[in-house]
Amino acid sequence: MTTPVLTFFNNKGGVGKTSLIYHLAWMFANLHKQVVIADLDPQANLTAAFLDDERIDALWNNQATGSTLYRCVEPLADVSDITEPILQKITQNLHLLPGDVALSSFEDNLSTEWPRSMDDNNLHRPMRILTAFWQLMQIAANQVQADIILVDIGPNLGAINRSVLLGTDYVVIPLGADLFSLQGLSNLGPTLRRWRNQWKKRQDNWCDSKDSKKYSDFQLPGGRMEPVGYLCQQYSVRLDRPVQAYDRWVQRIPDTYREAILDAAPDTSIRQADDPYCLAIIKHYRSLIPMAQEHRKPIFSLTSADGAIGGHANAVSDAKKDFRLLAQKIAGKINLPV
Ligand SMILES: Nc1ncnc2c1ncn2[C@@H]1O[C@H](COP(=O)(O)OP(=O)(O)O)[C@@H](O)[C@H]1O
Ligand SMILES: [Mg+2]
């Protein structure tokens, strides 16, 4: 039994991806799910949302152990194997696999092993390295009997992200309403299809190899990468732009999603508001965002003691409803009982 991996991905940055994962992780935990969060973005913003600087400093300077995901894979760059990860406990049912700015240095190793994994023999090492993130996430999930693993990655189509995606069961795509997000969406679909096919070839190559008999209990991820839907950020609307500009880009999303992500025929008759692939429109939370960051909690857990009074208190309870609905919707799409 493996634990499902849900990755939030868009090769356009600044679309609210990290904030979304942070809030959904808390919401799934509130809904009594056991959650592991993996920060595989070398920017490590998600780690910074959960842990204070002192704690992060201690983790990053703790050279010898599996204190961050990078520290766990680092031995692979040498001749050793992965190190068992040490989870950071946030609450009883919320655990973090911390990110690390040093992670980007692993990109070269992954690029080198990618062609090697199509060789005729000696496949175990390349496959071990290419699937290291998935192996680590599964070990971590096992430690705490997790129901779901949520993953944050950087906004690019590089080797780290390819490695994360081949260990991903479900993909959620956060979008802004602008040209760059739509262009990102157009590039993402074909890339996911290519990675899925390339991984299938590698799985077949592995199955035909001597190594697969020799290492018979070595498990590989399925490379499913099933798109769950998209989220649209209302807050990315620039205040100096007319509302029509937002609407113009938003109305192009359903069609682009179908063409690029689903490889399906475009359907211009679908209005964005009726699109079943739209998981939610994310509101602009304004001053609640810095308030939540200051108190290191999700916006829907802010109290009057944190400063959420009057109109803020209403916005907090609306946010709670919105995120609960979103978590339930995603859970429904990935068959996770909540
Ligand atoms: N719903 C929201 N309302 C207002 N600001 C937001 C919202 N979500 C994210 N932000 C802000 O937008 C910026 C980018 O968000 P972030 O989650 O870091 O995006 P990404 O991970 O895609 O780069 C951050 O400063 C964040 O605080
Ligand atoms: Mg981010």
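Q: What joins strand 3 to strand 4, and through how many residues?
A: Strands (E, at least two residues) and helices (H or I, at least four) are DSSP runs numbered from the N terminus. Here a hairpin of 2 residues connects strand 3 with strand 4. The two strands run antiparallel and are joined by 3 bridges, with T91 opposite L94 in strand 4. Two strands count as paired if DSSP finds at least two bridges between them.

Q: On what kind of model does this reading rest?
A: The model is predicted: local features need pLDDT of at least 70, side-chain atom pairs count only at pLDDT 80 or more, and totals for chains, interfaces and linings use all residues. Residues are numbered from 1 along each chain as its sequence is written, while chains are lettered from A and ligands numbered from 1 in the order in which they are written.

Q: In what order do the strands of the open sheet stand?
A: The open sheet has 8 strands in the order 3-4-2-5-1-6-7-8, with mixed pairing. Strand 3 (88-91) and strand 8 (278-282) each have a single partner strand, so one side of each edge strand lacks a neighbour in the sheet. From one strand to the next, the twist averages 25°. Strand 7 (residues 226-233) pairs with strand 8 in the parallel sense over 4 bridges, and Y230 stands opposite C278 in strand 8.

Q: Which strands does helix 13 touch?
A: Residues are in contact if their C-beta atoms, placed from the backbone, lie within 7 Å. Helix 13 packs on the sheet against strand 6 (170-176), strand 7 and strand 8, and its direction makes about 160° with that of strand 8. Helix 8 (residues 159-166) lies across strand 1 (5-8), strand 2 (35-40) and strand 5 (148-153), at about 165° to strand 5.

Q: At what angle do helix 1 and helix 13 pack?
A: Angles run from 0 to 180 degrees between N-to-C directions, and axes are lines fitted to C-alpha atoms, for helices over the stretch in contact. Under 35 degrees counts as roughly parallel, over 145 as roughly antiparallel, 65 to 115 as roughly perpendicular and the rest as oblique. Helix 1 (residues 17-30) and helix 13 (residues 311-333) pack at about 80°, with axes 9 Å apart, and are therefore roughly perpendicular. H23, L24, M27 and F28 of helix 1 meet F323, R324, L326 and A327 of helix 13.

Q: How are helix 9 and helix 11 placed?
A: Helix 9 (residues 179-207) and helix 11 (residues 243-261) pack at about 10°, with axes 8 Å apart; they are therefore roughly parallel.

Q: Which residues have the most contacts inside the largest nonpolar core?
A: In soluble globular proteins, nonpolar side chains tend to be buried together. A nonpolar core is a set of buried Ala, Val, Leu, Ile, Met, Phe, Trp, Tyr and Cys residues joined through C-beta atoms within 7 Å. The largest one here has 93 residues, and A25, M137 and I149 have the most contacts inside it. Helix 1 gives the most to this core, with 9 residues.

Q: Is D263 buried or exposed?
A: A residue is buried if 20 or more other C-beta atoms lie within 10 Å of its own, exposed if 12 or fewer, and partly exposed in between. D263 has 11 C-beta neighbours inside 10 Å and therefore counts as exposed. D263 lies in the loop between helix 11 and strand 8, and its phi is near 55°, a positive value in a residue other than glycine.

Key. Contact = placed C-beta atoms within 7 Å.
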